Amino acid sequence: MNDYEQQVQILKDEIAILGAQKSVLHSRLARSRSPSPRRCQSRSPSPLPLRSCSPGRAKLTNAARHAHLVARFSEIYTQERLDAQNLLRTYIDDLEIVQRIIYVAAVESFHAAKMAFRQFKMRVRKTLSLAYSGPESLEDTVLDYIVRHEDLYDVQASVNEVIRAMNINPKISFPPEVDFIMISSLIRELCRVAFSMQTLVPPLDIAFGADGELFNESKYRRSYDSDFTAPLVVYHVWPALMENDSIIVKGEAVSKRGWSRRSRSKSRSRSRSMSPILSHSANPSRTLVQYNTSVILHSISLTESRHSVTLQAIHTC
């Protein structure tokens, strides 16, 4: 399956490269047919490279795409997020665990989409830089190309990367019968929105959130079951959306009194522990000694059994 995905990615990269080369050739052909190209007048006496008088597609549509993506981010919060939450609640009774899973999915989706955007942009820039000599800057041309060909983004690869990251995330615990592929539709929409947000100038991103941080009224709104006088965030339900250093869409967080990071980490480690010794021991050093001792005794018993089998075989011969 990995070889198949790699071959598909290689074919998509080749299609993107051919498309970029085609765009460069078309722009050269258009310039060669133009008898007297207009030049932008500049008041500066120093010689400057020739620039196009009209902005590219990315600049022309930046405001409209910005408004659409912000609205889509809010729509995912009110629709796809609740659908995923209801689906997970059929397997997990604890609402906190479900909301933590969805928050981690949102964070990992943005991370995977941003990584994919950087890699895609590097490939396009490398291809166009080989033969590009147009009036627009190379960066503007690269961004225009990505905006026109967002359908070449391999969103399924990002979804797979998000699910892999969630499976090893220590902040969330879940029953063994729960597979995160069941919320892949939510992850897919988040990846698409996050990828498109990187084509904006400036790009949009989600705000960093940590359990136990001070609650910020300008960054989050409290969930309905929060203690509205509590100063600390217990956990996050949805991330805030940022443009540069400004919050443009508030996230959602849960705040309660009588909570500490230490008590929460202990209860979560008990729910995910695979060893009863590690779960019920209060002293970490004693736990480690007991665990190592049990492992050594088990290995000794296995060695003894193997030796006895060998001796029996020798006597039989």
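Two strands count as paired if DSSP finds at least two bridges between them. Keep that in mind for the first stop, and remember that this is a predicted model.

**Stop 1: S3 against S6**

Select Trp238 and Glu252. Trp238 stands opposite Glu252, which lies in S6. Now select Tyr235. Its bridge partner in S6 is Val254. Colour S3 by burial. This strand is mostly covered, with six of its six residues buried.

**Stop 2**

You now have an open sheet of three strands, ordered S2-S6-S3, with mixed pairing. S2 (220-222) and S3 (233-238) are the edge strands, each pairing on one side only. Look along the sheet: neighbouring strands are turned by 35° against each other on average, direction ignored. Strands of a sheet pair through backbone hydrogen bonds, either parallel or antiparallel.

**Stop 3: the S4-S5 hairpin**

Select residues 241-243 for S4 and 246-249 for S5; the two pair in the antiparallel sense over three bridges. Met242 stands opposite Ile247 of S5. Two residues sit between the strands of this hairpin. Click Asn244 in the turn: its phi is positive, about 60°.

**Stop 4: the largest nonpolar core**

Which residues touch the most other members of the largest nonpolar core? Select Ile101, Met166, Ile187 and Leu241; these are the ones, out of 54 residues in that core. Then show the elements that give two or more residues to the core: helices H3 (62-78), H4 (80-89), H5 (95-129), H6 (138-148), H7 (155-167) and H8 (184-197), plus strand S1 (204-206). H5 gives the most, with 15 residues.

Centre on Ile187. Leaving out residues up to four places away in sequence, Ile187 touches Ala105, Ser109, Val159, Val162, Ile163, Met166 and Phe180.

**Stop 5: H5 on H7**

Hide everything but H5 and H7. They pack at an angle of about 135°, with their axes 9 Å apart. Why is H5 called oblique to H7? Angles over 145 degrees count as roughly antiparallel and 65 to 115 as roughly perpendicular, so the angle between H5 and H7 falls in the oblique class. The crossing of H5 and H7 is right-handed.

On H5, pick Ile101, Val104, Ala105, Glu108, Ser109, Ala112, Ala113 and Ala116. On H7, pick Ser158, Glu161, Val162, Ala165 and Met166. Ile101 and Met166 are also among the core residues that touch the most other members.

Key: Residues are numbered from 1 along each chain as its sequence is written. This is a predicted model: local features need pLDDT of at least 70, side-chain atom pairs count only at pLDDT 80 or more; totals for chains, interfaces and linings use all residues. Side-chain values use heavy atoms; hydrogens and water are left out. Helices (H or I, at least four residues) and strands (E, at least two) are DSSP runs, numbered from the N terminus. Axes are lines fitted to C-alpha atoms, for helices over the stretch in contact, and angles run from 0 to 180 degrees between N-to-C directions. A nonpolar core is a set of buried Ala, Val, Leu, Ile, Met, Phe, Trp, Tyr and Cys residues joined through side-chain atoms within 4.5 Å. Buried means under 20% relative accessible area, exposed over 50%, partly exposed in between (1.4 Å probe, protein chains only). Contact means heavy atoms within 4.5 Å. Angles under 35 degrees count as roughly parallel, over 145 as roughly antiparallel, 65 to 115 as roughly perpendicular and the rest as oblique. A crossing is left-handed if the near helix is turned anticlockwise from the far one by less than a right angle, and right-handed if clockwise.
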